[in-house]
Amino acid sequence: MMVMAGSAAAEGERTPMFGAALTYSDVPGHRAALVGGEVELAWWWGRLGLAIEAAARHAIDDSAGNVAVAASARVLVADWLWTSALEPRDVEMGIELQLIGERLWWSRDDSTGAYGLGAAIRMRGGSDWEFSSLLAESRLFVRVMRSPGEPSSVAARTTDAMVGPPGRGTVTVMVGLGAAFGTGDPRYLDRFRLRSPDASRP
């Protein structure tokens, strides 16, 4: 159980945030679903961020798969501190929006582009180590991607489940869960330290 504890100022990252995620992708109205993983590196300046990503996905029914690289621009639209009811510390909750461009490869000679929007809910905390500057983040994200024009010819040959109507492209919905790590400024990390049991007493 968590209770809200006022507003928080965004960002005291000292280094880029390096993260990894497990993802599940589906194409609305079709039979195919893909599972896979991705890694990303994100830089933040206040509430604005840029990230580069790489991913590998494969269809659950073994009929198709792809690898991808992507770039995204991000903005933190809301953040606040929550106090844990289980231990004397605060965590920072945040909501960010993303604008994404992606390049997919179904084979060495067959690629296609995609673009879309995403949203993420993130939870940040620090380390219990007294002199550590580690900043840890858990993320739940949703993305809707569209591939314009004709879909990949290799995908069309491998499975009809990945192909939308001719000329309309393919829409993919992606849901993922990930974690990221970096280092933070000491003043920023102070909000995540364990408080003394006497700190809340009058």
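Which residue in β9 does A136 stand opposite? The residue opposite A136 in β9 is F181. The structure is a predicted model, in which local features need pLDDT of at least 70 and side-chain atom pairs count only at pLDDT 80 or more, whereas totals for chains, interfaces and linings use all residues. Residues are numbered from 1 along each chain as its sequence is written, and side-chain values use heavy atoms, with hydrogens and water left out.

The chain contains two helices and nine strands, taken as DSSP runs (H or I, at least four residues, for helices; E, at least two, for strands) and numbered from the N terminus. Read from the N terminus, the order of elements is β-β-β-β-β-β-β-β-α-β-α. Of its 202 residues, 44% count as buried, that is, under 20% relative accessible area with a 1.4 Å probe and protein chains only, where exposed means over 50% and partly exposed lies in between. Contacts are heavy atoms within 4.5 Å; among those between residues at least 6 apart in sequence, 63% join residues at least 24 apart.

Strand β8 (residues 134-147) is joined to strand β7 (residues 110-126) by twelve bridges, and the two run antiparallel; two strands pair if DSSP finds at least two bridges between them. Within this pairing, G118 has R143 as its bridge partner in β8. Strand β9 (residues 170-183) also runs antiparallel to β8, through 14 bridges. The covered face of β8 includes L135, F141 and R143, while its uncovered face includes L134, A136 and V142.

E38 is buried yet has no salt bridge, and its nearest side chain of opposite charge, R143, is 4.3 Å away. A salt bridge requires a side-chain nitrogen of Lys or Arg within 4 Å of a carboxyl oxygen of Asp or Glu. Beyond four places in sequence, the residues that E38 touches include F141, R143 and M174.

L135 belongs to the largest nonpolar core, whose six residues are M17, L135, A180, Y188, L189 and F192. Such a core is a set of buried Ala, Val, Leu, Ile, Met, Phe, Trp, Tyr and Cys residues joined through side-chain atoms within 4.5 Å.

Confidence is expressed as pLDDT, the predictor's score for each residue from 0 to 100. Its mean over the chain is 79, and 74% of residues reach 70 or more. Over residues 1-8 the pLDDT is below 50, although this stretch has 23 contacts in the model beyond near neighbours in sequence. Where pLDDT is low, the predicted coordinates should not be read in detail.

Technical notes
Lys, Arg positive; Asp, Glu negative; His and termini not counted.
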